[in-house]
Amino acid sequence: MRFSSCYIPTLKESPADAEVVSHKLLLRAGMVRRLTSGLYVYLPLGLRVIEKIGRIVREEMEKADFRELLMPMVQPADLWKETGRWEHYGKELLRFKDRNEREYCLGPTHEEVITDLVRGEVRSYRQLPVRLYQVQTKFRDEIRPRFGLMRGREFVMKDGYSFDANTEGAEKSYKAMYDAYMRIFRRLGLRFRAVEADTGSIGGNFSHEFMVLADTGEDTIAFCHECEYAANVERAEVVWKGQPATAACPAMEEIATPGAHSVEEVATMLGVPASSIVKTMLFKADGQTVAVLVRGDREVNDIKLKNLMKVQEVELADAATVQAVTGAPVGFAGPVKLGVPIYADAELQGGTAYVVGANAADAHIKHVDLKRDAAVTAWGDLRTITPEDQCPRCGGRMELTRGIEVGHIFMLGVKYSEAMHAVFLDENGKEQTMIMGCYGIGVSRVAAAAIEQNHDENGIVFPPPVAPFECILLNLDPRSEEVNAKVEEMYTMLQGRGVEVLMDDREERPGVKFKDADLLGIPTQIVVGGKGLARGIVECKDRRTGEKGELSADNLEQDFA
Ligand code: ATP
Ligand code: MG
Ligand code: MG
Ligand code: MG
């Protein structure tokens, strides 16, 4: 493709409103433009990246025997009322009415639609498993759309769904997806980790997230140095001194599942802006509400902290009482209940940890400085376990790192099939409920995550499988007939060999072309100029290493072999 005919509006400066590096570079490299909050136009180069990712995703889904279909983005409210999510999904679900006053939403995910499809068609165990997927635009009215493609309101997702006759089959489908995801993210050339995860508003029995490791990630992952354990801290269960915390505080009972209280309710309760709250949990001990955990975000940490303390003063016992009862050292408030995360990420939370502890009589929320507080710096005392894990945990040293959630797979069980009566007749003619799984990849988020992980001070350094082109051919002297002829010859030759090549034929100074070539992050640069040709050579450069080489201008066919 010729640069002059391809709309690539590169920018010299970073736009002021772009906070993270992928957002800055996607804008600067002329790959995306913002339409309005959380909505982006994919320009030709950006779209090529999205399509590259989509191609690998599709190939691996097909290998795992999932077949592509395409469902409407607009979904009728009736289906969402069947599963109860019309009530529970909250404000991320964008709802509207048609001219006949019928209610609809824009699909943030498609469990209801696909279950409706399959229940209408499948009658017998012989028709199972059903494994389907689509690559489609989703809409979620995110509370804080930000970071460009990382958290848009409209974004491209691959969503897959499986329907099986029994648990064994469902586990096979889940495993097939787990393995496919491992292959996908490996093929994309990303450094990533599969971690145990919370099931959130999708629900289900268990799940794994696929995290691209990057400092700018919004998630915190806890992983063990000695064994294979890795989990999102949202999911982590904490053991205090070898005792599962749940056993240490038997009277403590979760009285509200995360999300059962609306963000607005909790915001009103705490007197903080709703935008400061991401997640809430309420617990009860001896008839009293003992803890409210609020996870704030980047800009509002101070508000969050202040208000956690406020809850403590108003409703909870003081630290001394808790320490006397639990025997916890100063600076740590005692056993931690299952499902209550420890937030301890030095960067995002400013080097602090929020620890919620409770026993039958008392509860406490403690804020500790990780760097100063010896009791909590000793992470070896805190071990992370999961309910599925029946062997004692290894007790190894845990470490925290940051990740970007690019994929998420869920064993749904019968959550949707039961609510929507998706049933079939088994070998004995008996009615059974289908067992489901669902599997998402944020295709557009992967593009951003690839850049978060692969860039330098000059711009993007795409892993080759994600790059919009394999090679950029720089014509340093478009006014010279000799240079033009050589560039055209090479362009034709490369295309003939199936190399995806972008030819920079613009009437620009060499400096501009070198800068743009680095910015775009295309893996190989080939530079053709008058001076080189006089010496009988063209130059090539590896974008990642900066390594340069020379090719003989007269013998190109051979050099490329
Ligand atoms: P997050 O925790 O980041 O809000 P999620 O857990 O709500 O994501 P899922 O419901 O698991 O997301 O959706 C599947 C995948 O879709 C995610 O793993 C992620 O890669 C992608 N995704 C979700 N929300 C967005 C968004 N707002 N912008 C871009 N990609 C997204
Ligand atoms: Mg979300
Ligand atoms: Mg998530
Ligand atoms: Mg998720």
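Which residue in strand 8 is the bridge partner of Gln-136? Met-157 is that partner.

1. **Basis.** This is a predicted model: local features need pLDDT of at least 70, side-chain atom pairs count only at pLDDT 80 or more, and totals for chains, interfaces and linings use all residues. Residues are numbered from 1 along each chain as its sequence is written, and chains are lettered from A and ligands numbered from 1 in the order in which they are written.

2. **Strand 8.** Strand 8 covers residues 154-164. Helices (H or I, at least four residues) and strands (E, at least two) are DSSP runs, numbered from the N terminus. Of its 11 residues, 10 are buried, so strand 8 is largely enclosed by the rest of the structure. Buried here means that 20 or more other C-beta atoms lie within 10 Å of the residue's own, with C-beta atoms placed from the backbone.

3. **Its partners.** Strand 7 (residues 130-139) pairs with strand 8 in the antiparallel sense, over 10 bridges. Strands pair if DSSP finds at least two bridges between them. Strand 24 (residues 435-442) also runs antiparallel to strand 8, with eight bridges joining them. There, Asp-164 has Ile-435 as its bridge partner.

4. **Ligand 1.** The shell holds 17 residues; the closest are Phe-155, His-408, Gly-440, Gly-442 and Arg-445. A residue is near a molecule if its C-beta atom, placed from the backbone, lies within 6 Å of it. Strand 8, strand 21 (398-413), strand 24 and helix 13 (443-453) each supply at least two shell residues. Strand 21 gives the largest share, four residues. By class, the shell has four nonpolar, eight polar and five charged residues. Ala, Val, Leu, Ile, Met, Phe, Trp, Tyr, Cys and Pro count as nonpolar, Asp, Glu, Lys and Arg as charged, and the others, Gly among them, as polar.

5. **Helix 1 against helix 13.** The axes of helix 1 (residues 21-28) and helix 13 come within 8 Å and cross at roughly 105°. That makes helix 1 roughly perpendicular to helix 13, a label for angles of 65 to 115 degrees. Axes are lines fitted to C-alpha atoms, for helices over the stretch in contact, and angles run from 0 to 180 degrees between N-to-C directions. Val-21, Ser-22, Leu-25 and Leu-26 in helix 1 meet Ala-448, Ile-451 and Glu-452 in helix 13. Contact requires C-beta atoms, placed from the backbone, within 7 Å. The contact residues divide into five nonpolar, one polar and one charged.

How values were computed. A residue is buried if 20 or more other C-beta atoms lie within 10 Å of its own, exposed if 12 or fewer, and partly exposed in between; C-beta atoms are placed from the backbone. Angles under 35 degrees count as roughly parallel, over 145 as roughly antiparallel, 65 to 115 as roughly perpendicular and the rest as oblique. Two residues are in contact if their C-beta atoms, placed from the backbone, lie within 7 Å.
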